Amino acid sequence: MDKELDWSHLSFGYIPTDCNVRCCFRDGKWGDIEVSQSETIDLHIAATCLHYGQEIFEGLKAFRGKDGKIRVFRLEENARRIIESAKGIMMEPVPVELFTEMVKKVVKLNERFVPPYGSGASLYIRPLEIGISAQVGVKPAKEYMFIILVTPVGPYFKEGFKPTNICVMREFDRVAPKGTGRWKVGGNYAASLEAGEKAHSLGYSAVLYLDPKEKKYIDECGPANFFAIKDGKYITPASESILPSITNKSLMQLARDMGIEVEARHIPIEELAEIEEAAACGTAAVASPVAEIDDLDTGIKYVVSKDGQPGPVTTALYNRLRAIQLGEEPDVHGWNTIID
Ligand code: PLP
Ligand code: COI
């Protein structure tokens, strides 16, 4: 860092840090962890990640707490999810212990990039795995590379914790009904780019996808899950074409802790007319409140926030989650890993 970063005004972008960590799977086993100062990799031109999309990733965050300690949120859940993604597209799963050791190492080595307490920013941790062996036939690779890079980030939606508008467009699907939606596969994001860019050009912060089979039920919200508050209950889509969000799972637990009933079920789009609050939730999005959901095909506008303010339940859940991540409240569920 040549000069001090402006921690309170970081965007969700990429800022170089001191190093990343890497490990390769070759000859049937994972090798030694390498610490690299390089921001590039050397790849075979026939690597399966380049031709057949063998790429999966994760996203988690480290926070500087009130007590100065660094906490990584739900490390083990992310380690488990990338194993499911690996199995989903026939890649070599990274053992939980290796994932854990590498996250701890890369955060420790880049400690000076963990934003200060009170800045609202965090250190985003991006593990990724790629198939690296040469293969021209459509087959899984025999060799894999697992990398973890980190970068300090601010809010994903530039508005921060302020309601934004999202839209429904039936002309796009990000995944197939029984496809790769439940895994964090790079190709899902490629498939979402056109819809995302169109939504942004129309002034929306994200696309609210409907289920790709029937286009009846809410699926998820761009790179985040969706939840709503209806009759005081926390409702969130149950679907096999969405990523099982660890943030959503955490918010459901916090809702239950607060005595709020939780329902994970199909949510028909028409039900949006009856909701009191809505938000997109994820590691990057945290809980980003929704003001209005515009169905661009039917012209129906579901107004969620009439006064342009986040609702009380969303606010309470957001505050609770942040307080646990920042060590302001006891971590009763054991979600944080302290880096020392
Ligand atoms: N859905 C998609 C498609 C995502 O990319 C993400 C981001 O990781 C999420 C949901 C939220 O998941 P999590 O809360 O585990 O970050
Ligand atoms: C995350 O929330 O960690 C994500 O992976 C979203 C990302 C695609 C920006």
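A pocket, as used here, is an open set of grid points, where a 1.4 Å probe fits, with protein on both sides within 12 Å along at least five of seven lines. With that in hand, welcome to this predicted model, in which the space taken by ligand 1 is the largest pocket.

**Ligand 1 and its surroundings**
- Ligand 1 is surrounded by 16 residues, and the closest are Tyr 189, Glu 220, Ser 245, Thr 247 and Thr 283.
- By class, this shell holds 6 nonpolar, 6 polar and 4 charged residues.
- At least two shell residues come from each of α6 (246-257) and β15 (277-282).

**Polar contacts of ligand 1**
- On the nitrogen side, a polar side-chain atom of Glu 220 lies 2.6 Å from a nitrogen atom of ligand 1.
- Of the 380 Å² of accessible area that ligand 1 has on its own, the protein covers 96%.

**Ligand 2 and its surroundings**
- The residues around ligand 2 include Phe 12, Phe 57, Arg 126, Lys 184 and Tyr 189.
- Its shell divides into 7 nonpolar, 2 polar and 2 charged residues.
- Domain 1 (7-153) and domain 2 (164-325) each give at least three residues to the shell around ligand 2.

**Polar contacts of ligand 2**
- A polar side-chain atom of Tyr 124 lies 2.6 Å from an oxygen atom of ligand 2.
- Backbone atoms take part as well: a polar one of Thr 283 is 3.4 Å from a ligand 2 oxygen, and a backbone N or O atom of Ala 284 lies 2.8 Å from an oxygen atom of ligand 2.
- Taken alone, ligand 2 exposes 280 Å², and the protein buries 89% of that.

How values were computed: Residues are numbered from 1 along each chain as its sequence is written. Chains are lettered from A and ligands numbered from 1 in the order in which they are written. This is a predicted model: local features need pLDDT of at least 70, side-chain atom pairs count only at pLDDT 80 or more; totals for chains, interfaces and linings use all residues. Side-chain values use heavy atoms; hydrogens and water are left out. A residue is near a molecule or strand if one of its heavy atoms lies within 4 Å of it. A polar contact is a pair of N or O atoms within 3.5 Å; within protein, one must be able to donate a hydrogen and the other to accept it, and residues adjacent in sequence count only if both atoms are side-chain atoms. Accessible areas come from the Shrake-Rupley method with a 1.4 Å probe; for residues, only the protein chains shown count as cover. Ala, Val, Leu, Ile, Met, Phe, Trp, Tyr, Cys and Pro count as nonpolar, Asp, Glu, Lys and Arg as charged, and the others, Gly among them, as polar. Domain bounds come from an automatic or database domain assignment. On a 1 Å grid over the protein atoms alone, a cavity is a set of points where a 1.4 Å probe fits but cannot get out, and a pocket is an open set with protein on both sides within 12 Å along at least five of seven lines; lining residues have an atom within 4 Å of a point. A molecule sits in a cavity or pocket if more than half of its atoms lie within 2 Å of its grid points. Helices (H or I, at least four residues) and strands (E, at least two) are DSSP runs, numbered from the N terminus.
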